[in-house]
Amino acid sequence: MLEKPKTFFTNTNEKRLVNQQNFNNYHINNKINYNLQLIRKGCRYITNESLSNLDPEWLSGFIDAEGFFSIHHNKSKNNYIFTFGIRVNKRELEILNQIKNYFGFGNIYRDNFDHTVRYQTSKKSDLNLIIQFLTNIAPLRSKKVRDFKLFKRALNTTNNLKIKQLWELKNNFQSRDYNSRQSITWPWLLGFIEGDGCFGVNIRKTHKLSTGLPVVHCYFNIIQRDYYILKKIQLLVSKGNVTSKKNGTLFSYDIGRLTDLEDLVKFLDPYNFQSLSKYTDFVTWKSIINEIKLN
Ligand SMILES: [Ca+2]
């Protein structure tokens with residue numbers, strides 16, 4: 001049986017308190033608070049919509065996992081189209097609605113060929129607010145920050161050749177490692193996990209002699225091309241290992257030991273998941289861990 005989500009998708013005072021607390025813990029800086037208000041004012045000005053209660057740190061973690069920056073050459077007009085977006089499986093459409101509400105701009109598109117949905121904007125005024133958000137409020141921590149910096153520089157350039165050169169740098173950098181040296185926070189990590197984390201369960205064919213039940217093994221992992229971000233996560237969680245896969249082109253952060261998984265559950269429990277499907281995965285996984293412990 002699934003537990004009923006307590007504060008999920010509701011704007012209860014409790015949730016607001018938790019978010020506010022996280023926010024205060026990580027952003028005691030008044031300047032940043034002030035900037036957040038400015039951005040929100042900007043968003044309201046554009047759309048007049050109410051804003052959702054997403055934690056900015058959560059959002060930057062989610063963008064680190066699922067966001068993209070692209071620059072596309074429009075041949076007919078010989079200009080460049082800049083796009084910021086977030087692409088997720090169509091199961092996660094609700095998150096994109098929340099993000100759209102949070103920023104107060106952008107559109108959501110459905111891509112039927114690969115069952116994904118994407119939130120995106122190419123409007124310069126919107127992109128400037130995204131840049132403010134990711135520069136002053138909740139910076140990216142993964143190597144995606146390198147794409148972001150090139151994108152930002154290119155957006156402020158009017159010379160087409162310069163834009164092309166800047167964006168070509170991105171492809172040259174793609175395979176190289178990059179350490180942004182920005183530490184991460186728990187709300188950021190939850191956002192990143194909701195994008196790229198996996199609460200996994202293996203059911204083995206062998207059965208336990210004492211109970212006759214199949215042997216069940218739980219694990220948690222995040223697979224990335226970005227080694228440093230996984231090391232930062234390992235440092236924050238202080239559990240698990242980072243190993244390389246596929247000749248060092250991919251890296252995997254894994255937690256497999258039951259007591260470590262229980263600790264991870266304790267760490268994540270106080271935070272609010274934003275994705276219903278990920279929250280369901282988490283709750284199911286958590287109850288399996290409890291079952292394993294009892295047997
Ligand atoms: Ca990803």
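The legends below describe close-up views of a predicted model.

Residues are numbered from 1 along each chain as its sequence is written. In this predicted model, local features need pLDDT of at least 70 and side-chain atom pairs count only at pLDDT 80 or more, while totals for chains, interfaces and linings use all residues.

**View 1. The protein as a whole has 11 helices and 8 strands.** Helices (H or I, at least four residues) and strands (E, at least two) are DSSP runs, numbered from the N terminus. Of the 295 residues, 29% count as buried, that is, with 20 or more other C-beta atoms within 10 Å of their own, the C-beta atoms being placed from the backbone. Among contacts with a separation of 6 or more, 65% are between residues 24 or more positions apart; a contact means that the C-beta atoms of two residues, placed from the backbone, lie within 7 Å.

**View 2. Helix H3 covers residues 56–66.** The buried residues of H3 include Trp58, Leu59, Phe62 and Ile63, and also Glu57, Asp64 and Glu66. Because 11 of its 11 residues are buried, H3 is largely enclosed by the rest of the structure.

**View 3. Four strands form an open sheet in the order S5-S6-S8-S7.** The pairing is antiparallel; two strands pair if DSSP finds at least two bridges between them. Strands S5 (197–207) and S7 (241–245) are the edges, each pairing on one side only. Neighbouring strands are turned by 35 degrees against each other on average, direction ignored.

**View 4. Strands S7 and S8 run antiparallel and are joined by 5 bridges.** S8 spans residues 250–255. Within S8, phenylalanine 251 is the bridge partner of serine 244. Helix H11 (residues 276–294) packs on the sheet, where it touches S5 and strand S6 (214–224). The direction of H11 makes about 140 degrees with that of S6; axes are lines fitted to C-alpha atoms, for helices over the stretch in contact, and angles run from 0 to 180 degrees between N-to-C directions.

**View 5. Helix H10 (residues 258–268) packs against H11 at about 140 degrees, with their axes 11 Å apart.** H10 and H11 are therefore oblique to each other, a class for angles that are not under 35 degrees (roughly parallel), over 145 (roughly antiparallel) or 65 to 115 (roughly perpendicular). Leu258, Leu261, Glu262, Val265 and Leu268 in H10 meet Phe282, Lys286, Ile289, Ile292 and Lys293 in H11.

Note on methods: A residue is buried if 20 or more other C-beta atoms lie within 10 Å of its own, exposed if 12 or fewer, and partly exposed in between; C-beta atoms are placed from the backbone.
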